[in-house]
Amino acid sequence: MRLVETLIYSLCPGTGAEFHKLVCEESLPIHQSIDMDVVDFGQSEHHPDAYFLVRAYDNLDHLNASQEALYSSDTWRSGPRPAILQRIVVSLKSMAWMSEAAIEETRLCGIRRRRLN
């Protein structure tokens with residue numbers, strides 16, 4: 001079992017495509033550089049200005065350490081942070097324990113969905 005964090009964002013009207021580009025081109029590489037496990041991400045199927053990000057951690061300590069490494073880094077702070085934050089109107093966070101099999105299925109579904117788009 002791993003701890004899965006789901007972030008849901010309501011974005012400023014008309015910024016969904018820009019936000020997605022920022023995530024893909026700037027935010028994800030930083031996540032990957034610190035070995036943060038991004039399971040899935042993208043624009044919501046119900047609205048282009050709604051967005052989700054799913055990340056998995058070994059436990060709450062791992063989550064806290066990973067997020068401290070990400071959010072305190074100069075690469076994040078002087079990189080995509082301002083542009084990302086200015087597009088977010090509301091941010092919601094939920095966490096739940098999931099099996100590794102469920103996480104991998106979620107990851108595969110996201111990969112397939114992005115290939116179709």
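Biologist: Which strands form the open sheet, and in what order?
Modeller: Four strands form the open sheet, in the order β2-β3-β1-β4, with antiparallel pairing. β2 and β4 are at the edges with a single partner strand each, so one side of each has no neighbour in the sheet. From one strand to the next, the twist averages 15°. Strands here are DSSP runs of E with at least two residues, helices are runs of H or I with at least four, and both are numbered from the N terminus. Two strands pair if DSSP finds at least two bridges between them.

Biologist: What kind of model is this?
Modeller: This is a predicted model, in which local features need pLDDT of at least 70 and side-chain atom pairs count only at pLDDT 80 or more, while totals for chains, interfaces and linings use all residues. Residues are numbered from 1 along each chain as its sequence is written, and side-chain values use heavy atoms, with hydrogens and water left out.

Biologist: How many bridges join β1 to β3?
Modeller: Eight bridges join these two strands, which run antiparallel. In this pairing, Glu 5 stands opposite Arg 55 in β3.

Biologist: And over how many bridges do β1 and β4 pair?
Modeller: β1 and β4 pair over ten bridges, also in the antiparallel sense. Here Glu 5 stands opposite Met 95 in β4.

Biologist: How many residues of β1 are buried?
Modeller: Seven of the ten residues of β1 are buried, which leaves this strand mostly covered. Buried means under 20% relative accessible area, exposed means over 50%, and partly exposed lies in between, with a 1.4 Å probe and protein chains only.

Biologist: Which residues of α5 are buried?
Modeller: The buried residues of α5 are Ile 103, Arg 107, Gly 110 and Arg 113. They cover an arc of only 130° around the axis, which puts them on the same side of α5. That arc is taken from the directions between the helix axis and the C-beta atoms.

Biologist: Which exposed residues are on the face turned away from that side?
Modeller: That face of α5 carries Ala 101, Arg 115 and Leu 116.

Biologist: Where does α2 lie?
Modeller: Helix α2, residues 60–71, lies across β1, β3 and β4, and runs at about 120° to β3. Leu 70 is in helix α2 and is buried, with a relative accessible area of 0%. Not counting residues up to four places away in sequence, Leu 70 touches Ile 30, His 31, Ile 34, Met 36, Arg 55 and Trp 76.

Biologist: How many residues are in the largest nonpolar core?
Modeller: The largest nonpolar core has 20 residues, and those with the most contacts inside it are Tyr 9, Phe 19, Phe 41 and Tyr 51. At least two residues of this core come from each of β1, α1, β2, β3 and α2. The largest share, five residues, is supplied by α1. A nonpolar core is a set of buried Ala, Val, Leu, Ile, Met, Phe, Trp, Tyr and Cys residues joined through side-chain atoms within 4.5 Å.

Biologist: What is Tyr 9 in contact with?
Modeller: Leaving aside neighbours within four places in sequence, Tyr 9 is in contact with Phe 19, Asp 49, Ala 50, Tyr 51, Leu 53, Ile 88, Val 90 and Ser 91. Another core lies apart from the largest one and has six residues, among them Val 4, Val 39, Phe 52 and Ile 103.

Biologist: Back to α1 for a moment. Is Ser 27 buried or exposed?
Modeller: Ser 27, whose place is in helix α1, is buried, with a relative accessible area of 5%. Leaving aside neighbours within four places in sequence, Ser 27 is in contact with residues including Trp 76, Pro 80 and Ile 84.

Key. Axes are lines fitted to C-alpha atoms, for helices over the stretch in contact, and angles run from 0 to 180 degrees between N-to-C directions. Contact means heavy atoms within 4.5 Å.
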